[in-house]
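Reader: I would like to learn how to read a protein model with care. Could you take me through this one step by step?

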Amino acid sequence: MVNQLQSQPVSSCKLPDQRWQIAPAAPEQINSIVQATDLSPLLAQVLVNRGIDDPEAAIAFLNPESLSLPSPLEDFPDLPLSLELLINAINQRQRIAICGDYDADGMTSTALLIRALRFLGAQVDYAIPSRMKEGYGINQRIVDEFYAEGVGVILTVDNGIAAYQPIAHARELGLTVIVTDHHDLPPELPPANAILNPKLIAQTSPYYGLAGVGVAYVLAMSLAQSLGRAQGLSNPLLELFTLGTIADLAPLTGVNRRWVRRGLQLLPKSRLTGVQALIQVSGLSGAKDLKPEAIGFRLGPRINAVGRLADPQIVIELLTTDDMGVALERAMQCEQINQQRQHLCEQIEQRAIALCEDRGTAIQSDRVLLLVQPDWHHGVIGIVASRLVERYGVPVFIGTYEEEATEQDGKEAARIRGSARGIPEFHVFEALEFCKDLLVKHGGHRAAGGFSLQAENLEAFGDRLRTFAHQCLQPGQLKPLVEIDVQASLDQIDYPLYAQIDALHPCGIANPEPVFWSANVRICEQKTIGKGHLKLAVQDEALGGNRKFKAIAWRWGDYYPLPAYLDIAYRLRTNDWEGEVSVELELVGVRVPAANPGTAFTHQDRSYICNLSQNDSGQELRIHNGNGKVLIVRQGQRMGTLCKDRQEPLPVDVSRAPYFDIIKAALSALGHSP
């Protein structure tokens, strides 16, 4: 009966070249967590993947407010001294100056402390270095200007831990310096009067993962409590803490998880006029709740764009004003600058992709990507680097020539300034250290970094990076990584499951949103939308039903059309249309199924899937029904096999009813005559 059948051709569709990392199943831990929490087994597996592998830890994670926190005065050795210095400055009417940073963390930190110190009666001002002309961190110019203006206390936020010389200069001038920062510690700490940095405390402390804005929040609230004026200040500062923590991609564990969870409840009805205005221009007005992704993809970029392309004072005024007119004006400036940022990113990304496509397989053989072009804007190349990592799965170092040339031996010497992004197996800062004799300046951590070098060293820099990459990377690691929590069938995906995910929130760094995968899913509808996105409908025909899920695949327009059947990896989203809420999928990965999922057909109003494969004994026809049964028919044999799950296979005569008629229908669906 199957003698005439031929194998179906393999799809030639282009797919993302990914590597999937699926977490191992842990049935024993899952069962104990399910019994203790009533979570879905799928989400219990997610908790195990996050290192929460017993009922007690799961209950504590799901109820972070139930945990008692140590006083930050106990965990931060210099916090009592910092409070004493600030209280004295307030009582003596000394001027306090904040030196901030131009990213979202630095700007929200600056705004938070301005609000707190003014509320507590301090005379306070601020300065932020120029991103394009000066780069990151406090510098001697800022110190000298503060001194000339009669400042008595300098307070750094989100910077300062590596600024030994500027802080030593400030101390020589007689200024008091308090450093609040969260970046990695240098070999020699600056000679500040006090230093608050979670990297100086025990890694087991719940405060260890604080971003710069978190350290600022701890200082501000501790100061307010010391002065007996915390009431009325906590909620506004908590909103700024939440914005900065999420935008800075800080780990949402420890106190970050606890406080961000509170802050997300406050933001939709914010009492800060600037936040209200920002929510309005971001299209989030009327939202009942805000998830971290709303901040990460809507509010945060509008704040960050200003620091990348314009004057950070716009954001500081936005977040410190109580005048709605001023707030709306500043929020609209943020919106316009963000649109400019999007346009620049799109232009640079498309040019970068074109350059990469010209290189072809050289990217994989080099094991690292270095791109330098003269007219790219330094403020956005870090974003483009991240997108190239997502696309090509290799570490990316991307640079542009600085606007002003430097003088060297009387000759003009062009300088390159760049950003780097890594993959899990590649340590960016160690790579820059490996090249440090070729660099003017560099810094960073495992995942990201920044650098500058003389243009004459560019070729040698590329050679050195390739040498480092070959030492630590294998060819199989040079694909975008998709980390997956658990396999699910589409009939397990529903609104109750989505609602349970809310108990895991806030999700973000160190607590990512759950990623599910489903096998042999049919792509039954697909089209490109917007600027290179894919909109799809998917269906699991093996379930015997007709339920379809809408899905979106961001920036996957290059892969249109996708094959008819795929394994898919996805997160869950909801769509609220005219009061009706539906669960949708956001694709993050696809791959060709391990076996051809086959062709769908119906027989006597029942749904089946059939496929054909070739093995050593000839062709084999398999027919699946919606109840988990599989009929296997081998070429030239009258007897077939009926299987179901782990039950003993049952021999059946395929020349008899009902099997003969089902096989005829399957052959017809495959385009063959029996």
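Author: What follows is a set of questions and answers on the model shown above.

Reader: What kind of model is this, and how are its residues numbered?

Author: This is a predicted model, in which local features need pLDDT of at least 70 and side-chain atom pairs count only at pLDDT 80 or more, while totals for chains, interfaces and linings use all residues. Side-chain values use heavy atoms, with hydrogens and water left out, and residues are numbered along each chain as its sequence is written, from 1.

Reader: In which sense do strands β2 and β3 pair?

Author: Strands are DSSP runs of E with at least two residues, helices are runs of H or I with at least four, and both are numbered from the N terminus. Two strands pair if DSSP finds at least two bridges between them. Strand β2 covers residues 95-99 and strand β3 residues 123-127, and isoleucine 98 has tyrosine 126 of β3 as its bridge partner. Over five bridges, the sense of the pairing is parallel.

Reader: What handedness does the unit of β2, helix α6 and β3 have?

Author: A crossover is right-handed if, with the strands pointing away from the viewer, the path from the first strand over the helix to the second runs clockwise. Helix α6 spans residues 104-119, and together with β2 and β3 it makes a β-α-β unit that is right-handed.

Reader: Is serine 109 buried or exposed?

Author: Serine 109 is part of helix α6, and it touches Val157, Gly212, Val213 and Ala216 when residues up to four places away in sequence are not counted, contact meaning heavy atoms within 4.5 Å. Buried means under 20% relative accessible area, exposed means over 50%, and partly exposed lies in between, with a 1.4 Å probe and protein chains only. Because its relative accessibility is 0%, serine 109 counts as buried.

Reader: Which residues does alanine 192 touch, leaving out residues up to four places away in sequence?

Author: Alanine 192 sits in the loop between β5 (176-180) and β6, and with a relative accessible area of 16% it is buried. The residues that alanine 192 touches, beyond those up to four places away in sequence, are Ile167, Arg171, Val177 and Val179.

Reader: Which pair of residues is joined by a cis peptide bond with omega of about 5°?

Author: Most residues other than glycine have a negative phi, and most peptide bonds are trans. A cis bond with omega of about 0° joins alanine 657 and proline 658, and proline 658 is in the loop between β26 (650-653) and α21 (659-669). Proline 506 belongs to the loop between α20 (495-501) and β16 (516-529). The cis bond with omega of about 5° joins histidine 505 and proline 506.

Reader: What is the phi of aspartate 38, which is not a glycine?

Author: Aspartate 38 lies in the loop between α1 (27-37) and α2 (41-49), where it is exposed, with a relative accessible area of 63%. Alanine 510, in the loop between α20 and β16, also is not a glycine and has a positive phi, of about 75°. For aspartate 38, the phi is positive and about 65°.

Reader: How far apart in sequence are the parts tied together by aspartate 17 and lysine 479?

Author: The side chains of these two residues, aspartate 17 and lysine 479, meet in a salt bridge at 3.5 Å, N to O, a salt bridge being a side-chain nitrogen of Lys or Arg within 4 Å of a carboxyl oxygen of Asp or Glu. Aspartate 17 lies in the segment before β1 (19-22) and lysine 479 in the loop between α19 (458-472) and β14 (481-484), so the parts that the pair ties together are apart in sequence by 462 residues.

Reader: Which residues are linked in a network of salt bridges?

Author: Glutamate 586 forms a salt bridge with arginine 573, with the closest N and O atoms 3.0 Å apart. Glutamate 586 is in strand β20 (residues 580-591) and arginine 573 in strand β19 (residues 565-577), and both of these residues are buried. The network of salt bridges links Glu513, Arg571, Arg573 and Glu586.
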